[in-house]
Amino acid sequence: MADYETFQHDVLVIGAGGAGLRAAIEASVAGVSVGLICKSLLGKAHTVMAEGGIAAALGNVDDRDNWKVHFADTMRGGQYVNQWRMAELHAKEAPDRVRELEAWGAVFDRTKDGRILQRNFGGHKYPRLAHVGDRTGLEMIRTLQDHGVHQGIEVYMEHTVLSLLKDGDRATGAFAYERERGRFKIFRAKAIVLATGGIGRAYKITSNSWESTGDGLALGYEAGAELIDMEFVQFHPTGMIWPPSVMGILVTEGVRGEGGILTNNEGKRFMFDSIPENYRAQTADNAEEGWRYCQGDKNARRPPELLTRDHVARCIVREIKEGRGTPHGGVYLDIAWIKEKLPNAAEYIKRKLPSMYHQFKQLADIDITEQPMEVGPTTHYAMGGIHVDPDTQMSRVLGLFAAGECAAGINGANRLGGNSLSDIVVFGKRAGEFAAKFAKENQHGRTDNEAIEIIAREAVAPFERDDGENPYQVQKDLQEMMQNNVGIVRNEMEMKTALDHLKKFWERTNRVGVSGHREFNPGWHTALDLKNLLIVSEAITQAALERHESRGAQFREDYPNKEERFAKVNTMISKAPDGSMQIRLEALPEMPDYLKQVIEEMR
Amino acid sequence: MNATFKIWRGDTKGGQFHGYTTEVSEGMVVLDAVNQIQAMQANDLACRWNCKAGKCGSCSAEVNGMPKLMCMTRLSDLPLDRPITIEPMKAFPVLKDLITNVSWNFRVKKQIKKFKPRPPDAPDGTWRMQQEDIDRVQEFRKCIECFLCQDVCHVLRDHQMHDRFIGPRFLIYAAALEMHPLDTEDRLGELREAHGIGYCNITKCCTKVCPEEIQITDNGIIPLKERVVDEFYDPLGWIWRKKKIKR
């Protein structure tokens, strides 16, 4: 075997966004040696893009809030196919995780009495999102990063993991390459935490960066873990649509939380027309009440713009399809209108939404304090991912843990805004804690040299194909195919077409070629990421086909209603012994009575 | 419409500008053009980027000689009748093409003493802070670590004093900690000695290039310099503090 540099840690964390950093810190506190692998530089992970805030029932702004309300909101938003235990732990532990960030130096916006301020967000009954203007994710990742670097964590920047290594049933390491020199490296570990984030790059229009190619999902799947809820892909209702080069960039839900309204080209506020039955009781039925809610009136109900993301995205698609869209094919998001209500509206908007102001001014020549924005749905988040034990975050592969977006269960069919930033710290901490415990109870396993050689040979194969296809072209075509066939509105025919296309994409992927040498070669990296994109694309399509109903983020025009037989099941995907993708339906764990009662009380 | 770009290509051993012509359309930014050239003409062209929205600070480069985030630099703001030059930051060693070795920055940050809060104000372990007392710190915490301020700082760029001066980014980082209402740590000794705050001669180049519009010099470095002066060169203040400690 070639002589690869080998590194050894008790716990190896793959991914350095909020979940990975929080896991690394917790494992390190437990006294084990920790290695942290990031695909980019430290502090650049997709967490920086999170804008609106972190959901935690602190009750600082409205003291009626508590974990039970947050739990019930999360379950309702997820259409009750969430793993109830994860939703319970999340709602109970999020406040402590927020307070801990403050103790580590995070500086959240304040209430008048000096406590952490909380804002309104879609699907949350009370103002619940602790925030820093509209750059909450940056504040969190920087706090975790700055705290983490003093913990003795070994950080490997600009490294990408190609495959996990196993010893029998157990994960024992990872085989990776470093971008700078293009060299392969072996990482041996007693326990591994996957925290690689999302899959947005499987679609053409996305808010996600080049990194979000579903690496952790594919690594876990190949190693024997199961993928759950893959059909539920969140299309955020408000992404930028114009100019074309910025298409997909996120416009925070915070705009609507501060009073922003959605209108069509007739100037009509269309969300009032379509309030779902299960939200009717808690949604305002007139503009005046909606505004009072945004201004903190505890007796007012929230405006329909703050319904859940799946629903708002579908209403926007309907407006556009029925010819009531804007010139560039979106709808209007208007925050400038609040100047009718507030004397110093422009200043208020700039203070509450500084990066939105900046982003539109600089990239689209729009002054959001004067003009409405044009927005449309953008691929944002995967509710699905690696199936884990709710308490320990371990997958069915021994020693392999997952946390954050690449793990799944807490969100069910639709995630509420703000629940992701809390998810990453709640379950990042748990994954780190239990990975460290596992590492203390186990010795290093073996790593398989033969397997390593095969991975290494496959990885460099694109250099040997002189007339191979351009990997960027394959990626672009795949993104378009997924956008067209497995997007917001789905049907059986298009998804079967997608499966046929995916077979051809595998063939094309096996023929891609790259030029140049291995040192910092983005073409090569794009070629290597293709396999991960194909695995997640197939998993999304298979799961979406299997769920013959519409629920949350999954909308099937051939099955437009919720079906009772899918109300208590999750789709579960795994790799069959023959290498094919296997799918089955698994019954949800039965919810204990005390939680059923909570849901009943909050109805 | 087509536009021409002269992009620096090379590695640690040296390199040169290569010309690329590519189609440009309304609203495009420099990073779009670079990504397009990468996808269609030069797959192995190395550049860093992530968020494409001015939030992660990865795509720093020098565009027509000006330090910029490529993702926030509109082509419509540049003279497209002549080639646009794009080259890597100059204050750091080149690795490949537009990528520089910025690892020095990560090492410097580790040397700055971490946040040390006072005991919590309330029995539930939380603190109370007024918004007006944290406005300044929040301004500094907007920093996206693009390192453009480090790139234009004469002390680093021209004099290469990386071993004696931490640069504007980390002076702002230290300022955010020193001015944090809860922090109890003292970093003034290091700022004066190892971190070399005295080398900054407030030419404000860093402030001019900051994409987050942080008032690095006026709001951060100058007040920090004043604190250092008060601590070490003000005899009355020195006696006052001694007395306070004794009490």
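Me: How many residues of domain 1 of chain A are in contact with domain 2 of chain A?
Reply: In this predicted model, 23 residues of domain 1 of chain A are in contact with 27 residues of domain 2 of chain A. A contact here requires C-beta atoms within 7 Å. The C-alpha centres of domain 1 and domain 2 of chain A lie 28 Å apart.

Me: What makes up the side of domain 1 of chain A that touches domain 2 of chain A, by class?
Reply: That side has five nonpolar, 11 polar and seven charged residues. Gly is counted among the polar ones.

Me: Where do the domains of chain A run?
Reply: The assignment gives domain 1 as 5-232 + 383-441. Domain 2 covers 235-379, and domain 3 covers 462-575.

Me: What share of the contacts in chain A with a separation of 6 or more comes from residues 24 or more positions apart?
Reply: Such residues account for 74% of those contacts. Chain A holds 17 helices and 21 strands.

Me: Why are β17 and β21 of chain A said to stand at the edges?
Reply: Start with the strand order. The open sheet of five strands in chain A runs β17-β15-β10-β20-β21, with mixed pairing. β17 (407-408) and β21 (581-587) each have a single partner strand, so one side of each is left without a neighbour in the sheet.

Me: How do you know that β15 and β17 of chain A pair?
Reply: Pairing needs at least two bridges found by DSSP. Two bridges join β15 (residues 385-387) to β17 in chain A, and the strands run parallel. They therefore count as a pair. A:His387 stands opposite A:Ala408 in β17(A).

Me: Which helices pack on this sheet?
Reply: Helix α5 (residues 215-223) of chain A lies across β10, β15 and β20, running at about 40° to β15(A). Helix α16 (residues 522-546) of chain A touches β10, β20 and β21, and its direction makes about 45° with that of β21(A).

Me: What makes α5 of chain A largely enclosed?
Reply: The cut-off for a buried residue is 20 or more other C-beta atoms within 10 Å of its own. Eight of the nine residues of α5(A) are buried, so the helix is largely enclosed by the rest of the structure. Among them are A:Asp215, A:Leu217 and A:Tyr221. Just after α5(A), A:Gly224 takes a positive phi of about 110°.

Me: Why is β11 of chain A also described as largely enclosed?
Reply: Eight of the eight residues of β11 (residues 233-240) are buried, so the rest of the structure largely encloses this strand. Six bridges join β11(A) to β14 (residues 373-382) of chain A, and the two run antiparallel. A:His236 stands opposite A:Thr378 in β14(A).

Me: Which element gives the most to the side of chain B that touches chain A?
Reply: α3(B) does, with four residues. In total, 45 residues of chain B are in contact with 47 residues of chain A. By class, the chain B side has 19 nonpolar, 13 polar and 13 charged residues.

Technical notes:
Residues numbered from 1 in each chain as written. Chains lettered and ligands numbered in written order. Predicted model: local features only at pLDDT ≥ 70, side-chain atom pairs only at ≥ 80, totals over all residues. Contact = placed C-beta atoms within 7 Å. Domains from an automatic or database assignment. Axes fitted to C-alpha atoms, helices over the stretch in contact; angles between N-to-C directions. Buried ≥ 20, exposed ≤ 12 C-beta atoms within 10 Å, placed from the backbone.
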